[in-house]
Amino acid sequence: LTTTNQVHNTYRKGEEWCNQHQAHIFIPNNREEYLWVEQNVMKRNGWYYMGFFCAPKETRNFNEIYANTREDARIINKKLQATLAHPIGEHNTPCMMAHRNNNSWRWQYHHQHGHEGRHTVCEAPLG
């Protein structure tokens, strides 16, 4: 179901690494799935890129962001109930991340430029 890249990569390098494994950066479909991945796949307490990114304008509204799978983030967030701690936009800070085992940043995503080194969890469709 998932593979993990435990080295720090930029968002782009992480997505490329995932794509080499026919996968994409992890997008949790609900809180239970995120918690399972956090406890069983994420090995280090640190920041992990999420597969949500970018918006047509700076926003803290989860309904206006995109998912790297082209799924509708509005539908996903009805179950996930995550918030954006900082504005996500098209240019300056298009990426977001969560922190493993940190209740302050588990459901409140931190913005990122995308060129910083962070951990990546890849998700591959079954079948």
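Visitor: What makes Cys18 and Cys122 a disulfide?

Guide: In this predicted model, the sulfur atoms of Cys18 and Cys122 are 1.9 Å apart. A disulfide is a pair of cysteine sulfur atoms within 2.5 Å, so the pair qualifies. By this rule the count comes to one disulfide. Residues are numbered from 1 along each chain as its sequence is written, and side-chain values use heavy atoms, without hydrogens and water. Local features need pLDDT of at least 70, side-chain atom pairs count only at pLDDT 80 or more, and totals for chains, interfaces and linings use all residues.

Visitor: Why is the disulfide of Cys18 and Cys122 called left-handed?

Guide: The torsion about its S-S bond is about -80 degrees, so the disulfide is left-handed.

Visitor: Which parts does the pair tie together?

Guide: Cys18 lies in helix H1 (residues 11-20) and Cys122 in strand E8 (residues 118-123), so parts 104 residues apart in sequence are tied together. Helices (H or I, at least four residues) and strands (E, at least two) are DSSP runs, numbered from the N terminus.

Visitor: How do you know whether Cys54 is buried or exposed?

Guide: Buried means under 20% relative accessible area, exposed over 50%, partly exposed in between (1.4 Å probe, protein chains only). Cys54 has a relative accessible area of 14%, so Cys54 is buried. Cys95, at 5% relative accessibility, also counts as buried.
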